[in-house]
Amino acid sequence: MDGADSERKRAGFKERTPVDEARRILREAVAGAGDAAAADGDDGDTLSPLTGTERLEVERADGRVLAAPVASARSVPHYERAAMDGYAVRAADTFGASDRSPEVLRIAESVGADAEVGPETAARVHTGSALPAGADAVVMIERVTELESAGEVEIEDAVAEGENVAPVGEDVEADQHLYDAGHRLRPSDLGLLRSAGYARVAVAEPPTVGVIPTGEELVEADPGPGEVIETNGLTVSRLVERWGGRATYRDVVTDDFESLRVAIQRDLTKDVIVTTGGSSVGERDLLPEVIDELGEVLVHGVGLKPGHPVCLGIVEETPVLALPGYPVACIVNAVQFLRPVMRWLEGTEPDPHPTTLARLERKIPSEPGTRTFARVRLEDREDAADLAADEPRYAATPTRASGSGVLSSVALADGWVVVDDDREGIPAGETVAVENWEPNV
């Protein structure tokens with residue numbers, strides 16, 4: 001143990017790096033020393049994800065990030081089509097038609113695109129079918145009476161040229177810009193890409209993450225006295241998958257310097273390494289020393305609660321995040337640091353979490369200089385019916401179990417309220433934004 005590590009273990013975390021500063025330091029390390037262009041983000045023309053790119057079938061690209069801008073390869077629709085069921089006609093043949101004085105037209109021998117509409121002729125069409133040659137409008141079926149014996153129809157409505165017809169490119173024109181590089185694809189996007197002529201698209205490869213739970217007290221089942229069921233690695237690995245990455249969930253590694261060193265070196269093929277437990281300043285908290293020997297400790301101790309004993313480092317250009325062992329502290333740090341790292345690696349920025357405005361029912365205490373994440377439950381306010389339009393309809397109640405080791409305080413909460421570094425708590429009655437962090441990708 002060198003002098004800096006010894007001093008840290010003796011002094012604890014008297015000085016903690018602010019959350020935003022820790023993220024800035026981590027981002028610069030991820031982008032690469034001196035790589036200002038990557039650190040400042042992409043210009044939107046192309047994407048240069050650190051994870052690499054691949055061409056992927058459209059149907060498999062949900063949630064993936066486009067590596068290049070996309071323009072439509074064809075018009076949608078690529079033909080004139082009927083916008084509703086009815087009869088395709090020449091608009092000029094319907095002028096003056098009404099209920100009292102219908103125009104009588106012959107029915108074409110064929111229907112749909114196979115028909116040909118000449119003077120005083122009408123062809124049966126269905127919604128979406130190609131407009132027959134010679135037609136320039138469609139009379140809706142409700143305004144047509146078929147004459148059974150004569151092979152004719154009575155047109156009871158005058159239509160203008162182009163009426164009830166979807167023109168070429170009504171949805172999307174050929175060469176129309178659709179998406180910028182960096183756009184995260186949604187199910188509706190996949191449908192548009194397919195209709196616009198794409199079978200494959202270029203996307204950023206998903207970040208790969210090695211998840212290493214550590215601690216000699218951890219077991220998989222049937223814990224005895226002093227033993228704890230391993231949950232942090234499971235939770236973090238599933239968060240990685242939810243955030244669009246590929247997690248490798250490793251077996252528990254005991255609190256042994258050499259074992260920890262070998263475990264980190266094994267996963268240097270991954271884009272990110274995440275460890276859980278062993279990140280503080282106790283005798284068994286060896287990970288900061290291991291990271292420092294293999295690479296560089298960037299930050300050790302951050303001004304957030306719960307979870308200040310986090311260690312952020314870099315080993316052979318691979319970010320290594322040593323998250324605290326208490327479950328809530330582990331989750332908070334994963335959201336605050338791992339999620340952004342995964343986004344930076346694929347060339348994007350993390351989106352804000354969805355929030356719900358609510359009236360705070362009890363005071364949330366906080367220390368100045370510390371960003372606090374207070375878990376809350378949301379309920380409808382009893383006076384909701386009498387509230388003004390600009391008043392929040394929900395009440396937010398802090399969970400009484402607030403310890404960083406109480407996993408149920410997160411799992412049974414509806415979100416958390418963030419108390420900024422410069423505030424000394426939030427008083428009851430204030431309107432707060434409750435972050436729904438868990439379902440957000």
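In what order do the 6 strands of the open sheet that includes β13 and β21 follow one another? The points below answer this for a predicted model and then turn to the helices and to a second sheet.

1. The order is β16-β13-β17-β21-β20-β18, and the sheet formed by these 6 strands is open, with mixed pairing. Its edges are β16, at residues 246-249, and β18, at residues 296-300, each of which pairs on one side only. Direction ignored, neighbouring strands of this sheet are turned by 20° against each other on average.

2. Within this sheet, strand β13 (residues 208-213) runs parallel to β16, and 4 bridges join the two. V209 is the residue that stands opposite A247 of β16.

3. Helix α2, spanning residues 19-31, packs on the sheet and touches β18, β20 (311-315) and β21 (318-323). The direction of α2 makes about 160° with that of β18. Helix α5, spanning residues 232-242, lies across β13, β16, β17 (272-276) and β21. Relative to β16, α5 runs at about 165°.

4. The UniProt record, in an unreviewed entry, places the feature "domain: MoaB/Mog" at residues 210-344. In the model, the end C-alpha atoms of residues 210-344 lie 17 Å apart. The composition of that span is 35% helix and 26% strand.

5. Helix α5 also packs against helix α8 (residues 327-345), at an angle of about 30° and with the axes 10 Å apart. Angles under 35 degrees count as roughly parallel, and α5 and α8 are therefore roughly parallel to each other. Their crossing is right-handed.

6. Which residues of α5 meet α8? They are N232, T235, V236, L239 and V240, and their counterparts in α8 are P327, C330, I331, A334, L338 and M342.

7. In passing α7, α6 makes a right-handed crossing.

8. On the α6 side, the contact involves F257, L260, R261, I264 and Q265. These meet L287, E289, V290, I291, E293 and L294 of α7. The residues of the contact of α6 with α7 fall into 7 nonpolar, 1 polar and 3 charged.

9. A second sheet remains to be described. It is an open sheet of 6 strands, ordered β7-β4-β6-β5-β9-β8, and its pairing is mixed. The edge positions are taken by β7 (137-140) and β8 (144-147), each pairing on one side only. Neighbouring strands of this sheet are turned by 40° against each other on average, direction ignored; for the sheet with edge strands β16 and β18, the corresponding average is 20°.

10. In the sheet running from β7 to β8, strand β5 (residues 103-107) and strand β6 (residues 121-125) run parallel and are joined by 2 bridges. I107 has A122 in β6 as its bridge partner.

Conventions: Residues numbered from 1 in each chain as written. Predicted model: local features only at pLDDT ≥ 70, side-chain atom pairs only at ≥ 80, totals over all residues. Heavy atoms only, no water. Left-handed = near helix turned anticlockwise from the far one by under 90°. Contact = heavy atoms within 4.5 Å. Nonpolar A, V, L, I, M, F, W, Y, C, P; charged D, E, K, R; others polar. UniProt positions renumbered as here; feature names shortened; annotations may be inferred. Pairing = 2+ DSSP bridges. Axes fitted to C-alpha atoms, helices over the stretch in contact; angles between N-to-C directions. Parallel < 35°, antiparallel > 145°, perpendicular 65-115°, else oblique.
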